[in-house]
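The following exercises ask the student to describe a protein chain step by step. Each task is followed by a worked solution.

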Amino acid sequence: MIVLFVLGIVLLAYAAIKGVTRHEVRWPALVVGLILTVLMGLGLQRAQERHFLMAKVPVEKTQKIAPALTINGIKLITTQKASDGELRYTYTLGKKSYQTVTQNAKTIVKTADKQATLKTEVMTYQATSGWRRFMLLGQETFEKGAATYTLSVPKDWYFVTTSQSKTLQNMVKDSKAGIAKEVAAEVKQQFADKAKADKNFIKNKDAQTKLQAQIVTDVTNKANQALDQAMLEKIQSWHN
């Protein structure tokens, strides 16, 4: 369009020069020059605003992803509000964490059967033919448009904010501290009970080791079950 726009100006200038020097109107040059100048001028304006003469070409990529965090076996995608108020979603790919962007992009969340994936679709605008490339000569023939993220995650994954994930981590810390105290109390109580029932227990180191290991397993399993239930209830309360 720039070439034709310049050609139109040249024809108008030619018609004007002939009109001044020879006092004659070159109608073909005047009309063609005027048409090219007006139409190509409008075309150049539209090309800058509306991807004029470019075709939409979506570019897609789908990746398998892992949760941003796994806390006590619960898989989490964390979210954070961007400066524009939209949510950024954090996930992991390989051993690195990544976030979706919000500027000129949107995120769609879906439920997957098994494998979690992130599909990224970027809309591009391209001059896909020789004629279009000629018309856009001197201008951009490739432009990047809006992006769309589609997060597909299993039903047993949960979305929490970064601050909420810290709350869950603190619940795990408190639970572990409670387990240590509970184990100590149970060992003291059950060792005393065993010693009363069996005088040889105090001398039987193998029996003591076995009982202590069983106490640790029982207390830990019980605490983890209670922790899982408490965490799921906490997550549910955040989504109500």
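A contact means heavy atoms within 4.5 Å. Helices (H or I, at least four residues) and strands (E, at least two) are DSSP runs, numbered from the N terminus. This is a predicted model, in which local features need pLDDT of at least 70, side-chain atom pairs count only at pLDDT 80 or more, and totals for chains, interfaces and linings use all residues. Residues are numbered from 1 along each chain as its sequence is written, and side-chain values use heavy atoms, with hydrogens and water left out.

**Exercise 1.** State how many helices and strands the protein chain has.

*Solution.* The protein chain contains five helices and nine strands. Read from the N terminus, their order is α-α-β-β-β-β-β-β-β-α-β-β-α-α.

**Exercise 2.** Identify the buried residues of α5 and what covers them.

*Solution.* Buried means under 20% relative accessible area, with a 1.4 Å probe and protein chains only. In α5 (residues 205-239), the buried residues are Gln208, Leu211, Ile215, Val219, Ala223, Leu227, Met231 and Ile235. Their cover includes β2 (69-71), β3 (74-81), β9 (157-161) and α4 (162-197).

**Exercise 3.** Which elements are included in the cover of the buried residues of α4?

*Solution.* The buried residues of α4 include Leu168, Ile179 and Phe191. The cover of the buried residues of α4 includes β2, β3, β9 and α5.

Methods: Expected span 1.5 Å × (residues − 1). Buried < 20%, exposed > 50% of the residue type's maximum accessible area, 1.4 Å probe, protein only.
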